[in-house]
Amino acid sequence: MKKTALASALIALACTLSAATFSASATDQHALKVTPDMIQTGSDIPTHWRQPEGNFDYIKREVMIPMRDGVKLHTVILIPKGAHDLPMLLERTPYNAEGFVPNDSPHMADAVWSGDKDWADGSYILVWQDIRGKYGSQGKYIMTRPPMGPLNPTKTDDTTDAWDTIAWLVKHVKQSNGKVGMIGSSYDGWTVAMALLHPNPALKVAAPESPMIDGWMGDDWYHYGALRQINLDYFTEQMTAQGSGESVPRENHDDYTNFLEAGSAGAYADAHGFKQLPWWNRFSAHPAYDAFWQLQALDKLLAKHPSNVPTMWLQGLWDQEDIYGAVHAWEALVKAGHRANNHLVIGPWWHSQINRSGRHLGPLKWPGNTTAEFRRQVMIPWFNHYLRGTPLAKPLPDAMIYNPVAKRWDDFADWKVASAQKLTPLYLQAHMGLGFEQPAGGGDSYVSDPAKPVPYLPRPIPANDEARWRTWLVHDQRFVADRPDVLSYTTPVLTRTVTVQGAPIADIFAKTTGTDGDFVVKLIDVYPGSDPTDPAMGGYELPVSLDIFRGRYRKSFADPSPIPANVVQEYKFRLPTINYEFKPGHRIMVQIQSSLFPLYDRNPQTYVPNILFAKPSDYKKATITIEHGPDGRSAVLLPVVAGAGSH
């Protein structure tokens with residue numbers, strides 16, 4: 001009872017003290033004076049925030065540039081402080097113009113991304129622009145918007161948008177000298193090529209880097225009719241949001257499993273909502289090389305409408321995304337009589353590596369930073385020549401192509417287009433041999449099973465593994481050498497150097513028990529079994545040039561046809577351009593297989609109208625027989641030359 005009384009007393013005391021405290025607080029609050037500056041009725045986030053730039057060595061402007069139809073495009077401009085009479089470098093992109101200035105540094109070279117650091121030395125005005133419908137720009141986004149014409153009935157395209165942008169820049173950027181150069185890689189390289197179809201007179205020089213030129217023949221979407229299905233992520237990333245969309249969600253860590261379990265590429269796309277994407281619906285309705293693809297193939301359009309703008313067509317020897325475009329655009333312009341102002345550059349790089357460090361590519365190491373050296377010693381001086389009038393130490397050659405064996409740049413005064421090359425057959429021989437002499441006859445067979453396709457990298461193959469994706473074209477091919485569905489033909493050990501400069505041609509004679517099928521051909525340099533200077537390269541099987549061909553297109557890319565079962569057919573297709581030396585002590589290998597999964601979709605090996613939507617029952621095993629005479633002497637036709645280019 002005493003404890004209860006004591007507790008009650010303590011509670012009463014606490015209540016009394018609390019009331020007294022509240023009363024004092026209330027009294028103090030009434031005594032405080034509130035002034036107007038203390039009251040905030042709006043948002044604490046200002047409508048427009050501007051970083052003071054008193055100590056910056058550049059001025060940043062963000063403008064909305066009007067196009068001829070009234071649509072305004074978001075544009076970021078960096079102008080060196082105190083600039084006058086400077087040229088402008090323009091890049092048009094679907095990848096966020098703001099992202100090219102990722103750092104809020106007071107120093108221009110530190111503010112820009114890696115690809116522009118060498119340009120940000122105070123001697124250029126740098127400009128990036130979001131294309132229509134992406135990020136900060138108005139308008140509707142259309143994937144690689146076709147030029148005005150049958151596929152684009154409007155009065156604007158990326159050619160007119162480039163023209164209007166350059167006209168505005170010349171008029172409104174008073175610190176410029178009125179001259180513009182354009183640059184950009186991949187999709188941004190495509191925007192450069194589009195600008196060249198009808199260039200603004202102020203566009204004085206251009207460098208499309210690894211440009212998307214023909215998405216069906218050999219760039220991002222297909223290679224000779226085989227779908228590059230892992231690029232389906234790009235569709236959702238680009239077209240599910242005006243900004244950056246998300247990749248397709250994965251059920252499994254290994255994309256080999258994900259795509260195999262999905263069935264066809266179309267089933268995979270349908271399961272992930274692709275029917276909501278107008279691009280996918282147009283894309284998937286045209287699996288063959290019909291008007292949808294031919295009317296937007298830029299190499300053909302550039303040849304019909306060649307410009308006089310000095311242009312550097314640039315790509316990598318092992319470009320895993322757009323290895324087709326630059327070479328074919330350059331060749332088309334040369335055939336159209338415009339060799340003088342078009343130059344071909346192929347470096348020892350993966351896709352867009354020109355904008356990053358270039359000291360190595362996978363296991364291949366170079367004596368220096370090939371990209372930085374090229375930008376500083378060749379590319380920027382060449383741009384300066386046309387934008388400032390500064391003299392060149394030496395003219396840019398017809399072609400500059402890196403020799404990855406000698407580890408040097410080779411200059412060519414008259415690089416041959418593929419159709420003008422002299423080719424030497426390297427024949428498949430009996431007993432898995434390979435040689436320049438004609439084979440006596442015979443053939444080799446393997447079973448291609450769509451349920452067990454050949455992987456393009458060792459499993460597991462995680463989605464969006466950027467490091468492995470960048471270097472897969474130089475991966476050691478021994479990981480598939482023991483598969484029964486991969487044929488490997490090898491020369492004896494070489495006793496002399498075999499120099500190859502140009503585009504090899506795969507010329508395969510084969511029969512199949514199916515009615516469709518794919519053919520993958522790889523030209524490989526087999527290193528000696530040991531290398532004391534670099535042990536990891538002992539026995540390495542380095543892909544030098546490879547590609548895939550969908551058999552239904554053997555007669556016509558536009559009009560596919562079933563393959564007659566058990567009848568020898570010829571499959572002849574061009575491989576990527578190389579400048580390579582097979583050295584004494586090495587061997588040359590040719591590998592042949594029928595899948596490269598999951599990079600490319602599986603061929604069901606049963607002819608169906610649209611492989612993208614093949615049914616599970618369509619996928620069947622087929623026995624493939626590669627002939628080496630007399631019904632057909634299978635070979636890889638090599639542009640063998642006596643020596644390398646000058647250097």
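This is a predicted model: local features need pLDDT of at least 70, side-chain atom pairs count only at pLDDT 80 or more; totals for chains, interfaces and linings use all residues.
1. Valine 500 stands opposite tyrosine 580 in strand β24. The two residues belong to a pairing in which strand β19 (residues 498–502) and β24 run antiparallel and are joined by five bridges. Strands pair here if DSSP finds at least two bridges between them. Strands (E, at least two residues) and helices (H or I, at least four residues) are DSSP runs, numbered from the N terminus.

2. Residues are numbered from 1 along each chain as its sequence is written, and side-chain values use heavy atoms, with hydrogens and water left out.

3. As to the protein overall, its secondary structure comes to 13 helices and 28 strands. The C-alpha trace spans about 110 × 80 × 60 Å along its principal axes. Of the 647 residues, 57% are buried; buried means under 20% relative accessible area, exposed over 50%, and partly exposed in between (1.4 Å probe, protein chains only). Among contacts (heavy atoms within 4.5 Å) between residues at least 6 apart in sequence, 74% join residues at least 24 apart.

4. Strand β24 (residues 578–582) is mostly covered, with five of its five residues buried. In a regular strand the side chains alternate between the two faces of the sheet. In β24, Ile578, Tyr580 and Phe582 point one way, whereas Asn579 and Glu581 point the other way, and all are buried.

5. A separate point concerns an open sheet of four strands, which has the order β18-β25-β21-β22 with antiparallel pairing. Its edge strands, each pairing on one side only, are β18 (487–490) and β22 (541–550). Direction ignored, neighbouring strands of this sheet are turned by 15 degrees against each other on average; the axes are lines fitted to C-alpha atoms, and angles run from 0 to 180 degrees between N-to-C directions. Within the sheet, strand β21 (residues 518–526) and strand β25 (residues 587–593) run antiparallel and are joined by seven bridges. Lysine 522 stands opposite glutamine 591 in β25.

6. Helix α5 (residues 232–239) is mostly covered: six of its eight residues are buried. These are Leu232, Asp233, Tyr234, Phe235, Thr236 and Gln238. They pack against α4 (187–196), α7 (265–271) and α8 (278–284).

7. The largest pocket has a volume of about 1,200 Å³. Of the 41 residues that line this pocket, the closest to its centre are Tyr95, Tyr234, Glu237, Glu321 and Glu466. Helices α5 and α13 each supply at least two residues of the lining. On a 1 Å grid over the protein atoms alone, a pocket is an open set of points where a 1.4 Å probe fits, with protein on both sides within 12 Å along at least five of seven lines, and lining residues have an atom within 4 Å of a point. Grid points are joined across faces, edges and corners, and the volume is the space filled by probe spheres set on the points.

8. The structure holds 27 salt bridges, a salt bridge being a side-chain nitrogen of Lys or Arg within 4 Å of a carboxyl oxygen of Asp or Glu. One of them joins the side chains of aspartate 233 and arginine 250 (2.6 Å, N to O). This pair links distant parts of the chain, 17 residues apart: aspartate 233 is in helix α5 and arginine 250 is in the loop between α5 and α6 (255–262). Aspartate 233 counts as buried at 5% relative accessibility, while arginine 250 is partly exposed, with a relative accessible area of 23%.

9. Aspartate 254 and arginine 459 also meet through their side chains in a salt bridge (2.8 Å, N to O). Aspartate 254 lies in the loop between α5 and α6, and arginine 459 in the loop between β17 (443–448) and α13 (466–471), 205 residues apart. Aspartate 254 counts as buried, at 9% relative accessibility, and arginine 459 is partly exposed, at 46% relative accessible area.

10. A further salt bridge is formed by the side chains of lysine 300 and aspartate 214 (3.8 Å, N to O). Lysine 300 is in helix α10 (residues 298–304) and aspartate 214 in the loop between β6 (203–209) and β7 (222–223), 86 residues apart. Lysine 300 is partly exposed, with a relative accessible area of 33%, whereas aspartate 214 counts as buried at 1% relative accessibility.
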